[in-house]
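Dear colleague,

I am handing over a structure for you to look at, and below it I have written out what was found. Please open it beside this email and follow along slowly.

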Amino acid sequence: MEISSEQVLAALRNVEDPDFKKDLVTLNMIKELTIVDKKISFTLELTTPACPMKDMLKNACLNAIKYFVAQDAEIHINITSRVTKPTDTTQLAAIKNIILVSSGKGGVGKSTVASNLAVTLAADGAKVGLIDADIYGPSVPTMFGLVGAKPSARETSEGKTLILPIEKYGIKLLSLGFFADPDQPVPWRGPMASNAIKQLFNDADWGELDYLIVDLPPGTGDIHITITQSFPIAGAVIVTTPQQVALADTRKGLAMFKMPSINIPVLGVIENMAYFTPEELPDNRYYIFGRDGGKALATAFGVPFLGEIPIVQGITEGGDNGTPIALDKESKMAAAFAEIAGKIAQQVSINNAQPANC
Ligand SMILES: Nc1ncnc2c1ncn2[C@@H]1O[C@H](COP(=O)(O)OP(=O)(O)OP(=O)(O)O)[C@@H](O)[C@H]1O
């Protein structure tokens, strides 16, 4: 008996996306279904290439077709993604999701996290941009081996000049550091810094982006207000270390995003420098800065805990020599960042899901 597309779709109606509590057919995730004899092939369209449930959903589709349609069907599932965006986005139309990486305190690893998240999402196939908005100490030029680099510009047919982000590792990058002498401090005054930051968003040729990651300065200042009030933000990721002095400041940073006048979804907390494991004692963990502080903070604020990153020499070295550690696909840290990036992308998709999905 011939297999019909109605039979296959009916089977796939039994596969539910756990995040959206609806089946894949209703969510319009099944595309390009073709059937030739017992060969069934279709595309499963997710809302992020970093979806942590892609293997689970693929297996559920295979099982449903085998169970409800034909045990001996030859099934080929092609997984693609079309990243969703918040429905009310009016500005920066080609940028789907702006994600802020923030910390209450300096030096906790915010730029390290922002850089490695960008690398991870780009490696998954997403179109990624990174803005280094840290007016006090822009680190992205160093972390991407671009100290001294200067972006060029192009003129549009309407006569507007657009800055061309510098591309590295498949990521489009702009940093305030590209516009200053690396050895000269730039005494940014509030309004000047705010204008410079707005230009990085509005006057740059970003093209289409799935995710624009923004590395914020530490604390809660003018730049935070400018960015959160000028652009549609998909969410903020909070980076902290576990010690009390960092947590106290992080608490304030987190509370800022929850203020009614700002009201930005907090995608979760990352605990950086969570512990140290010496190479010669791989089973030992030393909690140098205290234990589980980030987790406790996430629980106290009712936001997701995204994961912990240990203190690893390769992270410092990768940051210093312009090769973020997540580029090394075989490293344990690449896996840790992949897990965190997957949770962030999933959370963004859930927030955008009126009525989309992951
Ligand atoms: N998990 C880690 N293991 C080892 N080194 C780390 C780790 N996280 C960050 N570092 C190192 O700590 C230093 C500070 O990190 P980073 O610049 O990312 O912090 P930051 O919060 O962005 O700082 P700033 O407030 O200056 O912007 C860098 O040298 C970085 O390589």
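In which strand does M273 lie? M273 lies in strand β14, where helices (H or I, at least four residues) and strands (E, at least two) are DSSP runs numbered from the N terminus. Please keep in mind that this is a predicted model, in which local features need pLDDT of at least 70 and side-chain atom pairs count only at pLDDT 80 or more, while totals for chains, interfaces and linings use all residues. Residues are numbered from 1 along each chain as its sequence is written.

M273 has a positive phi of about 55° although it is not a glycine, and M273 is buried, because 24 other C-beta atoms lie within 10 Å. A residue is called buried if 20 or more other C-beta atoms lie within 10 Å of its own, exposed if 12 or fewer, and partly exposed in between, with C-beta atoms placed from the backbone. E32, which lies in strand β3 (residues 30-36), also is not a glycine and has a positive phi of about 50°. E32, however, is exposed, since it has 11 other C-beta atoms within 10 Å.

**Helix α7 and its surroundings**

Helix α7 covers residues 244-258, which is 15 residues, and its first and last C-alpha atoms are 21 Å apart, close to the 21 Å expected at 1.5 Å a residue; the expected span is 1.5 Å times one less than the number of residues. Its buried residues are A246, L247, T250, G253, L254, M256 and F257. They pack against β6 (95-102), α6 (222-230), β13 (235-240), β14 (266-276) and α8 (293-301), where two residues are in contact if their C-beta atoms, placed from the backbone, lie within 7 Å.

Two packed helices are described by the angle between their axes and the distance between the axes. The axes of α7 and α8 come within 11 Å and cross at roughly 30°, the axes being lines fitted to C-alpha atoms, for helices over the stretch in contact, with angles that run from 0 to 180 degrees between N-to-C directions. α7 and α8 are therefore roughly parallel to each other; angles under 35 degrees count as roughly parallel, over 145 as roughly antiparallel, 65 to 115 as roughly perpendicular and the rest as oblique. On the side of α7, L247, T250, R251 and L254 take part, and they meet G293, L297 and F301 in α8. By class, this contact of α7 with α8 has four nonpolar, two polar and one charged residues, where Ala, Val, Leu, Ile, Met, Phe, Trp, Tyr, Cys and Pro count as nonpolar, Asp, Glu, Lys and Arg as charged, and the others, Gly among them, as polar.

**Two further helix pairs**

Helix α1 (residues 5-12) and helix α2 (residues 54-68) have axes that come within 8 Å and cross at roughly 125°, and that makes α1 oblique to α2. The contact is made by V8, A10, A11 and L12 of α1 together with C61, A64, I65 and F68 of α2. These residues divide into eight nonpolar, no polar and no charged.

Helix α3 (residues 110-123) is mostly covered, as 14 of its 14 residues are buried. Just after α3, G125 takes a positive phi of about 110°. The axes of α3 and helix α10 (residues 332-352) come within 9 Å and cross at roughly 80°, and the two helices are therefore roughly perpendicular to each other. In this contact, N116, L117, T120 and L121 belong to α3, and F337, A338, A341, I344 and A345 belong to α10.

**Residues brought together across the sequence**

P52 lies in the loop between β4 (39-46) and α2, and P52 counts as partly exposed because it has 16 C-beta neighbours inside 10 Å. P52 and I340 are 288 residues apart in sequence, yet 9.5 Å apart in space, C-alpha to C-alpha. Leaving out residues up to four places away in sequence, P52 touches G342, K343 and Q346.

S194 has its place in helix α5 (residues 190-202), and S194 counts as buried because it has 20 C-beta neighbours inside 10 Å. Not counting residues up to four places away in sequence, S194 touches D222, I223 and T226.

With kind regards
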